[in-house]
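Please open the model in your viewer and keep the selection tool at hand.

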Amino acid sequence: MPVSSDYRPEPRFFDLGADYADAVQAADFPQTILRFRNDRAAAEVGLEGLSEAEWIAAFGRFEPLPGQPGPIAMRYHGHQFRHYNPDLGDGRGFLAAQMRDASGRLMDLGTKGTGQTPWSRGGDGRLTLKGGVREVLAATMLEAQGVPTSRAFSLIETGEALERGDEPSPTRSAVLVRLSHSHVRFGTFQRAAYLGRKDQIEALIEHVRSLYHPDVATGDAPGLLQAVVEASAKLTARWIAAGFVHGVLNTDNLNVTGESFDYGPWRFLPEYDPAFTAAYFDQTGLYAFARQPEAVFWNLTQLAGCLKLVAEVEPLTDALNGFGPAYIRELRAAFLMRLGVHSLGEAADQRLVDTTLALLREGGAALRWEPLFFDWFGGFASSARALSGPRAKLYQGEAFDAFRFALMEHEPDRIERLEHPMFAAREPEEMLIDEVEAIWAAIADADDWTPFQAKLDRLEAARRAWGFTA
């Protein structure tokens, strides 16, 4: 299979051996209909030159890419809604390949819906087409908003009729491939700790340190934890600034690079609501919007507990205690990024965050979440646009006056971005559930992929307009 000269296979996780993963094979699907390919992401790892037939061979039949040893199902444990489960692992996916991107980062091609593995626990190992469509939409929106996220790489419909208890069945099936910096989860460490394998913890520390946090000294478990804490704090702050609710923040759904992945019952806020949940089964609101920082910190404490096998408690505790300050710092930075303004210092930046949240709270369903950031992007340079737009009547009163004063203090950042045609529109690109369901309905009812592709095209335009970096 030909690939570009930039392609450099480097199967690093595979080198850890059989204690960490199991060799598997993809299911033999009755159909392989290409529904989505991410050529921009493919170009980053030298795979943009694949023909459609080669793409389907690689990501529908999973013929190994050159230099790759074949797929492996990764082993891990995890806390699921705070209950420990030692029977996890890649149950409907696997690590298909690892390669360097143009910047030299080691990247994973991981799958979802590739069939049963030793960790399937009786499940069919499949993915619904709707679930695949939803993951493509979520990842694309989050990338546009500057959230560190895996990218949806490929979506292929597989021609099977799946039975599901929580949605109309039978339903169409698919296999998804995501491009991510790492699939080493907190739960990967938990499995080694559960087995009492100090040697595996040490091997994982060196693996993660050398490949993902090379500034950490060899064998420095507290230093590695600090790096993961800081990356996780940034991720959590970016979720909040995006108005995003992941929905299932179990320890097997957080990784060592602070990169969001595995999108199931996700939602974006329809309006500011700290108690908003994404998953219908999250009946206690454990992973509600405003509880996500708490959830991430709790999961970090589980990772720290694993590292106690090889490190003293006090420096690990010190690393953990850095999460709160790092999160507040990153939240200020995330809100400034979303409003398109420069920092003015800790006090002024915090005042802007506080007044933004107060205005969102007061505006409620009439204002929603995303429109505020759209209307006022670029700071006070956007005042004429915002005050003549569809939400002009909402921009008055004490909460708005406080927000306006705080915003006026901050200088615009790259004000030329406002020249993008997107900012001439009256409404921003959102990803609310009604639109997601309408996109799926067109596919389910008439096999019409036009709304799906049109949404992706608009999100790409938004990504370019915002100019955010994760």
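This is a predicted model: local features need pLDDT of at least 70, side-chain atom pairs count only at pLDDT 80 or more; totals for chains, interfaces and linings use all residues.

Begin with strand β10 (residues 171-180), which is joined to β9 by eight bridges, the two strands running antiparallel. Strands count as paired if DSSP finds at least two bridges between them; strands (E, at least two residues) and helices (H or I, at least four) are DSSP runs numbered from the N terminus.

Residues are numbered from 1 along each chain as its sequence is written, and side-chain values use heavy atoms, with hydrogens and water left out.

Next, select β9 itself, residues 151-162. Is this strand enclosed or open? Nine of its twelve residues are buried, so β9 is largely enclosed by the rest of the structure. Buried denotes under 20% relative accessible area, exposed over 50%, and partly exposed in between (1.4 Å probe, protein chains only).

Move on to helices α4 (residues 186-194) and α5 (residues 198-212), whose axes come within 9 Å and cross at roughly 160°. Helix α4 is therefore roughly antiparallel to α5. Axes are lines fitted to C-alpha atoms, for helices over the stretch in contact, with angles from 0 to 180 degrees between N-to-C directions; angles under 35 degrees count as roughly parallel, over 145 as roughly antiparallel, 65 to 115 as roughly perpendicular and the rest as oblique. To display the contact (heavy atoms within 4.5 Å), select T188, F189, R191, A192 and A193 of α4 together with Q200, I201, L204, I205 and V208 of α5.

Then select T236, in helix α6 (residues 221-242). This residue is buried, at a relative accessible area of 0%. Beyond its neighbours within four places in sequence, T236 contacts Q292, P293, V296, F323 and Y327.

Finally, display the whole protein, which has 15 helices and twelve strands. Its C-alpha atoms fill a box of roughly 60 × 60 × 45 Å along the principal axes. Of the 470 residues, 57% are buried. Among contacts between residues at least 6 apart in sequence, 73% join residues at least 24 apart.
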